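Hi,

Here is the structure I said I would pass on. Have a look at it first, and then read my notes below.

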Amino acid sequence: MKDTIDVLELLASQHDEVDELIEQLEGGGGDRAALFAELADKLAAHATVEEKIFYPAAMYPNTSELLHESVEEHLGVKRLIADMLDLDPDLDEDRFDAALAMLKDQVSHHAPEEEEGKLFPKLRRLMTEDERAAVGNEVLAMFEELIEHEPRQQVPAQTAEPAPLPHL
Ligand SMILES: [Fe+2]
Ligand SMILES: [Fe+2]
């Protein structure tokens with residue numbers, strides 16, 4: 001039995017891991033293809049747990065608009081990842097770096113500004129600690145399962161439309 005974890009803290013720590021990987025990739029050097037695969041897997045698994053577990057649990061009258069914006073922002077990030085999966089960071093270096101700069105902009109708007117800045121403060125008021133812990137455990141379990149199976153491979157099939165959200 002794992003210790004319980006507040007879903008908002010868990011997701012924020014996943015945001016930090018993504019930021020670190022983006023910085024490492026920007027720094028150049030090393031095996032950039034392997035680093036990008038790791039980044040794309042983490043972003044894909046993170047987006048999926050949010051869309052399947054977290055956003056449905058976070059749906060309230062005054063979060064609905066933010067959540068609808070969020071799934072649109074996820075769609076933009078997934079389209080970029082799908083493009084980047086076709087690039088070789090060494091052979092297509094200029095295109096890859098341009099796409100990486102866009103990815104960084106989109107992720108830094110979505111994760112710290114929209115989620116941590118706007119959505120999470122509302123949810124600290126709307127959800128109880130027990131609810132946040134229960135959702136945190138579900139999110140962690142699904143993330144750990146997804147990350148074992150190269151979730152980046154599922155991203156190109158998710159670029160037609162935003163993930164569905166439950167109605168209020
Ligand atoms: Fe998100
Ligand atoms: Fe997030």
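**How α1 meets α5**

Let's start with one pair of helices: α1 and α5 pack at an angle of about 40 degrees, and their axes are 7 Å apart. Because of that angle, the two count as oblique to each other. On the α1 side the contact is made by Val-7, Leu-8 and Leu-10, and on the α5 side by Arg-132, Val-135, Gly-136, Val-139 and Leu-140. Sorted by class, the contact of α1 with α5 has six nonpolar residues, one polar and one charged. Before you go further, please keep in mind that this is a predicted model.

**The whole chain**

Of the 168 residues, 31% are buried. And if you take the contacts with a separation of 6 or more, 83% of them are between residues 24 or more positions apart.

**α2 and its two partners**

Here is the idea to have in mind for this part: two packed helices are described by the angle between their axes and the distance between the axes.

Take α2 (residues 32–57) with α3 (residues 64–85). They pack at an angle of about 155 degrees, with axes 11 Å apart. An angle over 145 degrees counts as roughly antiparallel, and α2 and α3 are therefore roughly antiparallel to each other. Their crossing is left-handed. The residues of α2 that take part are Phe-36, Ala-40, Leu-43, Ala-47, Glu-51 and Tyr-55. Across from them, in α3, you will find Leu-67, Ser-70, Val-71, His-74, Val-77, Lys-78, Ile-81, Met-84 and Leu-85. By class, that contact has 11 nonpolar, two polar and two charged residues.

Next, α2 with α5 (residues 129–147). This pair packs at about 150 degrees, with axes 9 Å apart, which makes α2 roughly antiparallel to α5. The crossing of α2 and α5 is right-handed. From α2 come Asp-41, Ala-45, Thr-48, Val-49, Lys-52, Ile-53, Phe-54 and Ala-57, and they meet Val-135, Glu-138, Val-139, Met-142, Phe-143, Leu-146 and Ile-147 of α5. The class count for α2 with α5 is 11 nonpolar, one polar and three charged residues.

Leu-8 sits in α1, the helix of residues 7–26. Is Leu-8 buried or exposed? It counts as buried, because 21 C-beta neighbours lie inside 10 Å. Leaving out residues up to four places away in sequence, Leu-8 touches Phe-120, Leu-123, Arg-124 and Arg-132. Thr-63 is 55 residues away from Leu-8 in sequence, and their C-alpha atoms are 15 Å apart in space.

Arg-32 is in α2. Arg-32 is buried too, since it has 21 other C-beta atoms within 10 Å. Which residues does Arg-32 touch, not counting those up to four places away in sequence? They are Leu-25, Pro-89 and Asp-90. Pro-89 is 57 residues from Arg-32 along the chain, but their C-alpha atoms are separated by 6.3 Å.

Ser-64 belongs to α3. With 16 other C-beta atoms within 10 Å, Ser-64 is partly exposed. With residues up to four places away in sequence left out, Ser-64 touches Met-59 and Leu-168. Asp-88 is 24 residues along the chain from Ser-64, and the two C-alpha atoms are separated by 38 Å.

Last one: Glu-150, in the segment after α5. Most residues other than glycine have a negative phi. Glu-150 has a positive one, near 45 degrees. Glu-150 is partly exposed, with 13 other C-beta atoms within 10 Å.

Cheers

Notes: Residues numbered from 1 in each chain as written. Chains lettered and ligands numbered in written order. Predicted model: local features only at pLDDT ≥ 70, side-chain atom pairs only at ≥ 80, totals over all residues. Axes fitted to C-alpha atoms, helices over the stretch in contact; angles between N-to-C directions. Helix = DSSP H or I, 4+ residues; strand = E, 2+ residues; numbered from the N terminus. Parallel < 35°, antiparallel > 145°, perpendicular 65-115°, else oblique. Left-handed = near helix turned anticlockwise from the far one by under 90°. Contact = placed C-beta atoms within 7 Å. Nonpolar A, V, L, I, M, F, W, Y, C, P; charged D, E, K, R; others polar. Buried ≥ 20, exposed ≤ 12 C-beta atoms within 10 Å, placed from the backbone.
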